Amino acid sequence: MNTARVSTAAPSTFVLNKVLNIGKRMRKRRTNKELEEDIFNAFRKISKTTELSAITLSQVASEARIDLKVIRRRYPTEADLIEAYVACIDTKVSSFFEEAEARSQDKVDKYRYIFQNYMKWLSEDQDFRDLLIWELADKTNKGFESSQRRDRHLVELMSKDFEPTHKSTRHETLKHKIILYIAGITYLALYKRGQNFLGFDHKNRETFDLIDNILTRLLEAYFEDPL
């Protein structure tokens, strides 16, 4: 009786290369958008255990399973990646202004809409809150530069409506109060649910309405009162 022989020899280099090449062809090529999403998702995941300023491109490449050379072509340095990641988050602020412009020409209504959505976004977006905490706590200059870019962007968005057409001291004081209002609701967003600042819990509906009422009075005084 003949017994079929089973070869135990290792496959040739030619066969192995052929299999690998088939695998490469079958692997779906990521689009630029998918690459950016994968890079930012990896960066976000690493940031849960590592300070943003300490994250390396090699860590992101490993987490995202992307060749380091590919990442370096898009973001030559860690600082470039941080700036791009922060800019991606900050585009949400620009969208509030765009939506408000399309929604109403009334400036009081426009800025109420912007800051209501800004406050809601602050309350719900953990990535942005983590970013704020890093900017405040970072011991390098990267955190400060990140916050300054956002501040300049916000000033630029508001400059059209708050440019120095109002010369009175009273209006300048009101503008400064509105700026402090923005700083205040940004700081309140760092508090967790159930925590409060001097009795104010911005996640509570009653407090939210009170904050909105304060803003409305400031905006009305700035845009509607005579000089």
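The model is predicted, so local features are taken only where pLDDT is at least 70 and side-chain atom pairs only at pLDDT 80 or more, while totals for chains, interfaces and linings use all residues. Residues are numbered from 1 along each chain as its sequence is written, and side-chain values use heavy atoms, with hydrogens and water left out.

The structure holds 12 salt bridges, a salt bridge being a side-chain nitrogen of Lys or Arg within 4 Å of a carboxyl oxygen of Asp or Glu. In one of them, R103 pairs with D109, with 3.0 Å between the closest N and O atoms. To place such residues relative to the surface, buried is used for a relative accessible area under 20%, exposed for over 50%, and partly exposed for values in between, with a 1.4 Å probe and protein chains only. R103 is partly exposed because its relative accessible area is 48%, and D109, at 24%, also counts as partly exposed.

A salt bridge also joins the side chains of D161 and K107, at 3.9 Å from N to O. This pair links distant parts of the chain, since D161 lies in helix α8 (residues 142–162) and K107 in helix α6 (residues 107–124), 54 residues apart. Helices here are DSSP runs of H or I with at least four residues, strands are runs of E with at least two, and both are numbered from the N terminus. D161 is buried, with a relative accessible area of 8%, whereas K107 is partly exposed at 33%.

The salt bridge between E172 and K175, with the closest N and O atoms 3.4 Å apart, lies within helix α9 (residues 169–188), where the two residues are three apart, about one turn of the helix. E172 is partly exposed at 25% relative accessible area, and K175 is buried at 18%. Elsewhere, R44, K48, D127 and D130 are linked in a network of salt bridges.

Helices α8 and α9 return in the lining of the largest pocket, to which α7 (126–137), α8 and α9 each supply at least two residues. A pocket is an open set of points on a 1 Å grid over the protein atoms alone, where a 1.4 Å probe fits, with protein on both sides within 12 Å along at least five of seven lines, and lining residues have an atom within 4 Å of a point. About 660 Å³ of space lies in this pocket, the volume being the space filled by probe spheres set on the points, which are joined across faces, edges and corners. Of its 23 lining residues, D151, L154, I182, A183 and T186 lie nearest the centre, and α8 gives the most to the lining, with nine residues.

There are 15 aromatic pairs, counted where ring centres of Phe, Tyr or Trp (its six-membered ring) lie within 6.5 Å, with planes under 30 degrees apart called stacked, over 60 edge-to-face and the rest tilted. Y111 and F223 are stacked, at 6.0 Å centre to centre and 20 degrees between the planes, and they link helix α6 with helix α10 (residues 205–223) across 112 residues. Both Y111 and F223 are buried. F223 also forms an edge-to-face pair with Y222, at 5.0 Å centre to centre and 85 degrees between the planes, and Y222 is likewise buried. Ring pairs link these three residues into a cluster whose members include F115, W121 and Y181.
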